[in-house]
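The sequence and structure come first, and the notes follow.

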Amino acid sequence: MDGKVKEQKRHQQKHSGPKAERKKLKKQEGSTEEDGRKRNPKAFSVQSAVRMAKTFHRSQDIKTKKHHIPHVDRTPLEPPPIVIVVVGPPKVGKSTLIRCLIKNFTRQKLGDICGPVTIVSGKKRRLTFMECNNDINTMIDLAKVADLVLMLIDASFGFEMETFEFLNICQVHGFPRIMGVLTHLDSFKNNKTLRKTKKNLKHRFWTEVYQGAKLFYLSGMVYGEYQIQEVKNLGRFISVMKFRPLVWQTSHPYVLVDRMEDLTDPERVRTDPKCDRTVSLYGYLRGTHLKNKGQVHIPGVGDFQVADVNFLPDPCALPEAQKKRALNEKERLLYAPMAGVGGVVYDKDAVYIDLPASHVNQQQEEVRPTTELVQSLIDTHATLDAKMAASKVSLFSGSATLDSTDVGEPSGEEGPREECVWDPNTQRKRRKVVFTEKEEEDVSGSSDDDDEDDDEDGDIDSEDGDQEEQEEEEDEDEDNLSTFLIDARAESDETEKTVTAYPPAKKQKVEEGKKRREESAEVPAFADSEDDLEMSEEESEEEGDNVRAGDSGHCSEEDEEESDDDEEEDDKEESEDESMEEDDAAGATMKKQTASESEEEEEEQGGLRWKEGLQQKASEAFLRQQKAAPNLRKLVYGSVVEADDSDDEEQELGGLFRVSRPQNSKKSQANGVDSSRFDPDASHNWDLEEMLNSIRDCFVTGKWEEDQDAATLLKEDEELYGDFEDLETGKVHKGQTGEQDQAENSENDEDDAADDDDDNEESLVKVDDDEVQKKKRLEKKQRLKERFNAEYDNEDATYFDDLKEEMQKQAELNRAEFADVDDETRVQYEGFRPGMYVRLEISSLPCEFVTNFDPHYPIILGGLGSSEGNVGYLQMRLKKHRWYHRILKTRDPLILSLGWRRFQTIPLYHMEDHNGRHRLLKYTPQHMHCGASIWGPVTPQGTGFLAVQSVAGTKANFRIAATGVILDLDKSVTIVKKLKLIGYPYKIFKNTSFIKGMFNTVLEVAKFEGASVRTVSGVRGQIKKALSTPPGAYRATFEDRLLMSDVVFLRSWYPVSVPQLYNPVTSLLLPAGQKDSWAGMRTLGQLKHDLGIRNKPNTDSLYKPVVRAPRHFNRLHIPKELQKALPFKSKPKQQQPKGKMPRDLQRPSVIREPHEKKVAALLLALSTVHNHKRKKAHTAQHAKHKEFLQQKEKQEEAKLKRQKEARKKLYRIQGQVDQKKSRSSLKGAPQDD
Amino acid sequence: MASHGLAYDGCNFFRQRLVLSTLSGKRVKIKNIRSKDDNPGLRDFEASLIRLLDKVTNGSRIEINQTGTVLFYQPGLLFGGSVEHDCNLQRSVGYYLEALLMLAPFMKTSLKATLRGVTNDPTDPTVDMLKSTALPLMKKFGIDGEGFDLKVVKRGMAPGGGGEVVFTCPVRRTIRPVQLTDPAKIKRIRGVAYSVRVSPQMANRIVESARAVLNQFIPDIYIYTDHMKGANSGKSPGFGLTLVAETLNGSFLSAEMSSTPQGQGDPMLPEDLGRNCAKLLLEEVHRGGCVDSSNQSLALLLMTLGQQDVSKVLLGPLSPYTIEFLRHIRDFFQLMFKIEVQKPSEDERKGGDKVLMTGVGVGYSNINKTIK
C-alpha cells in the first residue's frame, strides 16, 4: 500500500425519482403519519396469542389487586378530632413534642400535658393529642383508639423495647398510621455517625412498619423546644394525612374521655366514702353511632351500663365559614379540661371556653385562678342539685321519680302561649303546682341565697318555680363569672341549667319548649317537630274529636276496647308513658284553672311575648288538629321525650294512682293471644262498590301514574328518539316535541284567556307558566343527562363498579335521610353520631375510679355490640411471640387484651389431631400456632388479641407473650387429654384373664365394656364383663395368653373443662402512682417461688445407680421319654464333670530326696542331650532323603522322556507303514478298474 | 358483668320477647303469666316453643317457677343444625315457624327444622302463607341461595294435626339494607285451595267463589287445588284457601282462611270461605304496603339487624302485634323507627293510609357464624 487511504464514494442525494418523491412527501406531512399503528400495522398486529393473553392477565391481575372490598362510607360530615398518640420511652421528649405542636397550631403554650388536648388545626381538621406513658396498660388502651401514632425514638440510645412492644400491640389491634420521630440527634458530635445511625434506625423502622414509612428527624433543641421549622413540617404532615378505617374502630362507638365530673351526692359520699359513684364523662364520640343506654367497657375499670347520654355544643368547633384560606386567631381553639387550660367554664351540661382576644400572649398561670374559682362554683352547684333531689325524696317518700317527672313535664310544656289550645291536659299542672311549690320552698330554704331577686320570687309561679330557682343560681354565677361569660351564652346557659334539674329524659321537651318561647316572636309557636303533633293530637282527643276516624285502622284492637270506656282508654292509648293523664274528666275543670294561672304567671315572666298572634296560633292549631295525621310515633313509642324511662315511671305512678283503677283491660292485653294475624277492619264492607273502587288502582288494570303510564312513557320516548332520518327513503321523521310544546302553549294561552279578567292573577299565572316551562325543560335535560351518564358509564361496568356504586348510593341515602332533622330527634333514630361531643352519665362506678383519678391515664369508653357484654367460651388461635423467651404453660393465668378489654384468664392450649380431636397440650409449641380455649367476653370472630404474663412493672425482656385471633364462640368445647388406666391380671386362663386394679366399681366397668385394652408387651384384648369380686375387676380376652407379670392398660380420652376465670384488669382503680402495679392471679411457678415450695419428686422418677444381679441359667431338662426318642447324635451326652476324685483313688504326691533329685536332674540332662542328638540326626536324615527323592524324580523324568521319544519314533514308523499300505491299496484298486 | 336483663308482664307477645332476647343476648324475665287465670302459668304450646328454642340454641338457661307464672330466659348462642320438633297442637306450626324465621339466618350452622303438628288453623298464619310471603320477603334482605326453602310434606288440620313441614335456611353474617318504598301494582293473584279428609270437590268450590270476587279486578288469577290423601292428609278433616297477590316489584300480599276446626264452632261452607277469603285479600290490598300485614314484624326485625345503613319499608297500617314489636325492638336494641304516614292523594284509588318506616340498622353481625 502506498499509505494513502482510498477515497470512498460520496453519497449522492436523489433529487428526482420515486425515492426522492417519497422522501419529500415524508418531510412534508411527516406529522400526519406519526401514528405507528397506522403506518405500520404489521408491527402492531398480534404476534403471539399466548403472549397477549399473558399480558392481558397480568394487567388484569394488577388492576384487581388494587381493589378493596367496597364499604359503605359512613364517615360523618363533621368527623371527630383525630387522635394522635405520642408514644415512646421516658425522657425521649414526648411532652415537649406535644407542646411544640400545640404551639405551632394554636400559638398557645401549655404547661403540663394532662389528658387529651384537642385543638383545631385547620379548616376541616381537629386533632386530639394524647401522651402515652410507659405503662403497658396505657399502651394497649391507646393503641386501640389511636388514628395516628407519633413514635418517638431517642436516636442517641437507639430503639428501646417499649417501641417494639407498642408496634406489636398496634399490629394486633389494627394498624393505625405510624410516624417515627427521631429525637436527641444533637447529641451526635460526629456527622458520620449521625448519618449512619439515622440510616440504621430508619431501616429497622421500615422492617417493622412498612417499607418507606415516614421517619421524622428533630435535629435539636432551641431553648428547650424543637426547631420551629421542623415542628411546622411535622404539623403539615399531620394535617394532610389520610387515614384508613380500622375494622374494630369503625364497628364500635368509643369515646376518649377528656373530662370527668363526679355527680354523686356529697352527702352520700360523706356518710359512706366508699359508696358507688355517679360520674359523667365527656368526650368526642368516635367510631360509629352510639345508642343510649348501651353497654360500654372502660378499660381498666369494667363493664357498665350507660345511664344517660346527651350531646353538648362542641367545645372545640370547626370554623363556620369555609371560604378563607387560613384560620384566624379566634378559631384556633384549644380544649384540654384535664390540663385546666384556657379559662374553661364548667357547667353541668355545657362547656364554655373563653379565650380573650389577646390570648396569644396570655400565660397559663394567669388563667388558673379563675379556673379554680369556677371549679369551686361547680362544686357548690352540684351540692345544690343534690340537695334539691334530696328534698324531693324526703317530701314524697313513696315516689321519688314522681315529683321529678312532675317538675319536668310542666316546664316542658311550660310555654303558656300555647295554653289556649292546650288547656285540656292540665292535669299535670295541678300536680305540678303542688309539687313545685313545695319543692321551691324547700329548695329556697336550703339554698344559701334567695334574697336576691325577691321581686321575682314573689311572683314565681308554680311551673316556673324551679326554673326561676335556676335563674337565681345563674344570676349569682353570672355575678361571679361576669368577667368571662358573654350575655348570650348566659342565656343559653339558663336553658341548659334548667334542663339539668330534671331527669335527663325530660330534657328534650324542656328545651323545645324553651326554644319555642324564644322563637315565638317570628315563628308561630307550633314548630314542625313531632312533639307538637302529639300535643295537638292529645288535645283533639280530649275535645272529643274522633281523630281515629282518620286512623285508617291502626291498632284496631285497641280501638275496639276504647268503645267500652273512653276516658280510660284514652289514657291507655296515649299511654304507657303518659303518666299524668290518669285523672278522670272531673279534673278537667281544675286544669282549666291552673292553666289560666299559669298563663298569668307566664305573663310576668315571659314579658307578654307569647301573646303576640295568639289568635292566629289558635286558629292554626285548630286547622292542624282538623287534619292531623294520627301520630303513629306517639302511638308506638309513647310520648317521645319520656320514651326512655317510661316503664319505671308508670310503675311508680301506679303506686300512687293506679291502685283504685281496675287494670282489667291492661291485664287482658298482657295475657292476650299471641298471634301476628291482623284482623280486618270491621268498618270495611267489601260488597259495596265504593269500597271496591277505592283499591282499583292497586292493580295493573287500574289507572297508572303519570310517570309510569305506558302511553306517556311512549310519548316521552318519541320525544327523545322521535327524530330520525330514514336513510333508505331519505325521509325525515320529526318528533312531536315541537307540536306538543305548541299545544301546551296554546293550552296555557287558553288558560290565560280564561283568567284574563283578573290582571294580577294573570301575571302571576304567566310567571308560573314560564317557570313551569322552564322546569319542564330542565327536567327533560336532566333526564337526558342521566340517561347518557348511565349508558356512558355502563360501557365497561364491572361487578366491582356496580358494587361500589351501590355502596355509594347507600352512603348518600344514609347522609340524606336524617340531614334535615334536628339533632334531638335524630339521635333517637340513629343514635349519637360520631363527631358529636357527648356527655355520658354512668351510675355505680367504683369509688376508686374517682378517688384515684389520674388524668395522665386515658379513660376510654368502648361501646359494646349486642351480646358482646356476655361471657362465654372462646376458641382462639394463638402463637407464642417469637421474642418471648419462654413457652407458656396450660392453666397458667394470662392477661389478654381483646376487643376493648384487658382481662386475666386461664387458657387451655390444644392441638387438633388428624381425626379432629382437640388434645390438650401442656405447653405452647415453640414456633407454631396452637389452639387455645378461654372463658372470656364474647367477641366477634376475627378479632385479634395479645397476651402478656403480667402488666406490673417493667421488665427487661419483651413483655408480649403471645398473639392470636378469635376463631369461634362455642360453648361446647371438646378438649381432651390422654388418660391411661392401668390394671394387673390376677388370674390367667388360656386367652382370658381376670384383670383388677383398673376400676373401682362394677358400674365403671360396665361403662367400658367392649373397650380395647393392651398390655405393655403389645398383646391386644377387649374388656368383656365385670366380675362381682373384687369390685372393679373384669374379665377380658386377649389375642394371646398373658403372663402374671404383664401390665394391662386402657387408653382413653378425658374431656377437660376450661376454667371459668374472667378477671378484668382494674388498673385504673389503683392509687395514683401505683397504676402500673396491677397484679392478678399468680402462675403456679410464681406461687411456688413466692411461697418457697419445692415439689417432692416421685422417688420412682429419680435416677439411681444400676445394680445388676448375676444371671443364673437353669439346666436344660429333657424328659426321659424324649431322650429315648432322640437319635444318638442329639442325645444328651454324659456331660457331667468328673467331679471330685474319691479319696481312696487319690494318690499322695511324691517328695524326692536330694540325691534322687540329683539323679533325676542328671537323667533329665542326659535325656535332653539325647533328644537333641536324635533330633539332629533326624533332620539330617530327612534332608538326605529329600535329596534322594529329588534325584529319583529326575531320573524318572528322564526315563519317561526317553520312552516317549521311542514311542514317538515307533508310531511314526508305524504311521508311515500304514500310509504306504493304504496308498498302495488305493493304487492297486484303480489298476483293478 | 353489667348486662342486666329486661322484665315484662304477662304472656302476650311471648314469642317476640324470647326471639329478641335470643338475638340481642339480653336476658329476659317474664312475670305474671296468667297469674289471675283459673289455669295459671305457661300453656303447653308456650312450653313447646321454649323447648324448640332450647333445641336451636346452645347454652341457654331457662328457669320457670313452680306455677309457671314466672319465666327467666338467658339466651345462649344460636346453633342451628338439624332440628326435629313436635309442635303442640294448641297452636299451629306457623306459630313456631314465625319464631324460627326470625332466628334462622343468624345461626351458627344452617338450619334444617322439621316441625310436626297442625299446619293450618285459623289463629296463626299458615305455613302456605308464610311460604308465599315471608320467604320472598327475606330474600329481599339477602337471605337466599341454596337451601332456603319451606316444604309442606304433610298437611294436618286442627285439632288433630299430623302435618309436617321442613324448613331449611342458610346462615348470613350480615343483612342487606332494603329500600322497599314502592309496592307497585298487583300483576297477578295466585292461591292454594287445600282440602284434606273431605271431598276433593270442596277445593273447587272454594276456587270458584273466590274467583268470582277477584275477577272484578284482574284476570290473571290462578288458584291451585291441593287435595292431600292418605298419610299426607293428617288426622282431621278441613279445608281452606290462601291467596297471594304479587306486585310488579315482587312484593306479596296475602290473605287466608281455613275452615273452623272439627267440633269447634259452626261448620263453614266452602263458598262462604272462598268469598270471605277473597274479601280478606281485598282488605289486605286496601291496607297495602310492600309487606303483608302479618310479616310486618319480620321485615322490621331484619331492618333492625342490618348494617348501620338506612332501610326503608312501606307498610300498611301497623297491627297491634307490630306496634308491640316496635316497642320491644326499642327495648332490646335501642332502635326507634321514623314513622311517617303517607296519605293517598285524592284522585288515587289505592286503599288506605300507608306507613313509611325508616330506620338505621344497629350494625348487627352474626357472631355465631364461624369464619372459615
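Across the interface of chain B and chain A, 37 residue pairs are in polar contact, both residues at pLDDT 80 or more; a polar contact is a pair of N or O atoms within 3.5 Å, where within protein one must be able to donate a hydrogen and the other to accept it, and residues adjacent in sequence count only if both atoms are side-chain atoms. This is a predicted model, in which local features need pLDDT of at least 70 and side-chain atom pairs count only at pLDDT 80 or more, while totals for chains, interfaces and linings use all residues. Residues are numbered from 1 along each chain as its sequence is written, chains are lettered from A in the order in which they are written, and side-chain values use heavy atoms, without hydrogens and water.

**Interface of chain B and chain A**

- The side of chain B that touches chain A divides into 41 nonpolar, 26 polar and 29 charged residues (Ala, Val, Leu, Ile, Met, Phe, Trp, Tyr, Cys and Pro count as nonpolar, Asp, Glu, Lys and Arg as charged, and the others, Gly among them, as polar).
- In total, 96 residues of chain B are in contact with 84 residues of chain A (contact means heavy atoms within 4.5 Å).
- About 8200 Å² is buried between the two chains, with 54% given by carbon and sulfur atoms; buried area is the accessible area (1.4 Å probe) that two parts lose on being put together, summed over both.
- B:F217, B:M336 and B:R349 supply 10% of the area that chain B buries against chain A, more than any other three residues.
- Seven salt bridges cross this interface (a side-chain nitrogen of Lys or Arg within 4 Å of a carboxyl oxygen of Asp or Glu).
- B:K312 forms a salt bridge with A:E817, and their closest N and O atoms are 2.9 Å apart.

**A sheet in chain B**

- Four strands of chain B form an open sheet with mixed pairing, in the order 13-12-14-15; strands are DSSP runs (E, at least two residues), as are helices (H or I, at least four), numbered from the N terminus, and two strands pair if DSSP finds at least two bridges between them.
- Its edge strands are strand 13 (221–228) and strand 15 (252–258) of chain B.
- Strand 12 (residues 186–196) and strand 14 (residues 238–247) of chain B pair in the antiparallel sense over ten bridges.
- B:S195 stands opposite B:F239 in strand 14 of chain B.

**A sheet in chain A**

- Seven strands of chain A form an open sheet of mixed pairing, in the order 6-5-4-1-3-2-13.
- Strand 4 (residues 148–154) and strand 5 (residues 177–183) of chain A run parallel, joined by seven bridges.
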